[in-house]
Amino acid sequence: MKTSDVVLQLTEVVKVYKLGEQTITALNKVDLSVTKGEFAAIMGSSGAGKSTMLQIASLLDNPTSGHILLHNQDVSTYSEKKLAKIRNQEIGFVFQQFNLLNRTSALENVALPLIYAGVGYKERQRRATKILEEVGLGDRLHNTPNQLSGGQQQRVAIARALINDPTLLFADEPTGNLDSKSGEEIMDILSGLHKQGRTIVMVTHEEDIASYAQRVIKMQDGKILSDRQQKPKKSK
Amino acid sequence: MNFVNALKVAWKAILTNKSRSILTMLGVIIGVGSVILLVSIGNGLQVYIEDTFEDLGSNAIYVYPTEVLGENGFGQQDERSFVAAKQFSTKNLQDLQRYRRQIKEVLPESVRGTTVRYRDTQKDITVTGTTQVYENVRNTKTIKGRFFSDSETRSGQRVAVLGYKIAQDLFGNSDPVGRTIRLKGVNFEVIGVAEEKGGGAFGGPPFDNYIFIPLEAFFRLFDSTDINSFTVQVRNKEEIPEVIDLLTEYLEETDNRDEKEYDVIDQREILDTINQVLGVLTVGLGGIAAISLLVGGIGIMNIMLVSVTERTREIGLRKAIGATPNQILLQFLIESSLLSLVGGAIGVGLASLASFLMVSLADFPSAITWQSILLAFGVSVSVGVIFGVAPARKASRLSPIEALRSE
């Protein structure tokens, strides 16, 4: 494995929460490397620290200590403004609860990151339409989230995460709020993206969902317990 | 993201949440509107009362006996002495008329309430017994017929000039001149109708409901030679203090009155008193306005706080997909500015409309001032912006995941 293939590296990352008098160590000196083109699933029981690690790796949260290297650049010292730019350009995030803006059309939800990237109106419309067509929602462009099923909403959210062609795609329990059929559809999309060469890091607690990944990282009590490669399940 | 884009995002957010936007604006509308309106009413009241007093004639000094509590105390209200005061007489009138050098006219007035009858119509009215100088001193023109003459005054002819409203009430559209009315059962010939004076309620005595008859006729009608007041018109405004001294001397030395038994005031003094009262009133209205501004401000504060708090998740999401803290701040700054400005403009508009309606329909000279607009607008808009931006600023500093986690 060449060093240049590593897109994301976490070294000795610690995250401590204060809950009143109590302090909880969610991450305890975690090291992790993610290689280009990888599809990794992070597993573990609730409270194991998997979501915390994902949020810190995706720059949505700050570590208490430790370093995060993106393309060998230490971003843990970056200003909020610089981090915002990286979140916009390099990172896509798919949430369990979709987190779409209410009363706002699918097209506008997907185009939102482009506004912060400074892309003009026409170009935004063109790119958002194209990517929604790719996730199979070409006929739902102007529907608002409450007019869409859970699976469709998550596909809008995936389209939004991909709109700026990010280096890394993160997904936190992407099928957690969906029925199994919609969940399968979402996983088909994600493994399709993996085949196209996307780097994906996903948190799940379901073996079935993790089987789509080629690497499974198991966590317990804020530490990595095991890290192994596997043959990914074939998608349809 | 440039400013135009931020403006579009903010505008979009306002349109997306119509009911919340309208509620927010309502706070601003009420705050701004009520303050401007209250202040304009206060100003209008001042203008109105000053105008009414200008109408009463200038260069005038009023002399009237004051109510001294009689031995029977309060409540002596039989017909012969409805005020327990030492009234003036025709001798006083003749005496005052001798000061030709300083005094131009002396207007005596005797006033009684009684009933007037014309055919089947009967009304309770006020009768004023006076002389022909009333027309000039009180600046009262007749719109029909004429005022009574010097000789009619002297001989006590049973002639009457009707106030504008009483003429309407008794005769409707027909011409009252030449008709005969009965005052307290005695026939009087109507010889004129006075022009409309307005007044009543706020603006002094309701002259439109008065009937004017010659002083001598009044004395006979009510079997009394009391004169209730004099209006002394001076030749020269500058001589008012001098004439007041003259009148005081006359009343105390010649007429043997105690200083408690009469009052001498000039127009300036009355206006001063009224302006003093109005000053207090304006402060009072200002206080009410300040309270409504405060209440409006708290309303704006509330809505802004709630709307930003419930949007912390939205802020988190926007940050997660690449919005910088400043971009979040700019969005909320523009949003709350737009809401406050549009709400403020509607408030100014509504207050102007209400003020315009008062002027055109009720003939009340309500006047909107720039100071009140600036004050109301300034306070409401800054409250809106501060309380829209402060929580947004707090939210924009959270990490995206903290903001997203809030419920």
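Biologist: Which residues in H6(A) do Gly150(A), Gly151(A), Gln154(A), Arg155(A) and Ile158(A) in H5(A) meet?

Modeller: This is a predicted model, where local features need pLDDT of at least 70, side-chain atom pairs count only at pLDDT 80 or more, and totals for chains, interfaces and linings use all residues. Residues are numbered from 1 along each chain as written, with chains lettered from A and ligands numbered from 1 in written order. Helices are DSSP runs of H or I with at least four residues, strands are E runs of at least two, both numbered from the N terminus. Contact means C-beta atoms, placed from the backbone, within 7 Å; the H6(A) partners are Ser182(A), Glu185(A), Ile186(A) and Ile189(A).

Biologist: How do H5(A) and H6(A) lie to each other, parallel or perpendicular?

Modeller: H5(A) covers residues 150-162 and H6(A) residues 180-195. Their axes (lines fitted to C-alpha atoms over the stretch in contact; angles run from 0 to 180 degrees between N-to-C directions) come within 9 Å and cross at roughly 20°. Angles under 35 degrees count as roughly parallel, so H5(A) and H6(A) are roughly parallel.

Biologist: Which strands of the six-stranded sheet in chain A stand at the edges?

Modeller: The open sheet has the order S6-S7-S8-S3-S9-S10, with mixed pairing. An edge strand has a single partner, so one side is left without a neighbour in the sheet. Those strands are S6 (91-94) and S10 (223-229) of chain A.

Biologist: Which residue does Ile217(A) stand opposite in S10(A)?

Modeller: Strands pair when DSSP finds at least two bridges between them. S9(A), residues 215-220, and S10(A) pair in the antiparallel sense over six bridges. Opposite Ile217(A) stands Asp227(A).

Biologist: At what angle does H6(A) run to S8(A)?

Modeller: H5(A) packs on this sheet and touches S6 and S7 (168-172) of chain A. H6(A) lies across S3 (39-43), S7 and S8 (199-203) of chain A. Its angle to S8(A) is about 150°.

Biologist: In the hairpin of S4(A) and S5(A), which residue takes a positive phi?

Modeller: S4(A), residues 65-70, and S5(A), residues 73-74, run antiparallel. Two bridges join them, and Leu69(A) stands opposite Asp74(A). Two residues lie between the strands, and the one with a positive phi near 50° is His71(A).

Biologist: Which helix gives the most to the side of chain B that touches chain A?

Modeller: The contact takes 18 residues from chain B and 22 from chain A. On chain B, H1 (3-16), H10 (312-320), H11 (325-361) and H13 (400-405) each supply at least two residues. With four residues, the one giving the most is H10(B).

Definitions and conventions. Contact = placed C-beta atoms within 7 Å. Parallel < 35°, antiparallel > 145°, perpendicular 65-115°, else oblique.
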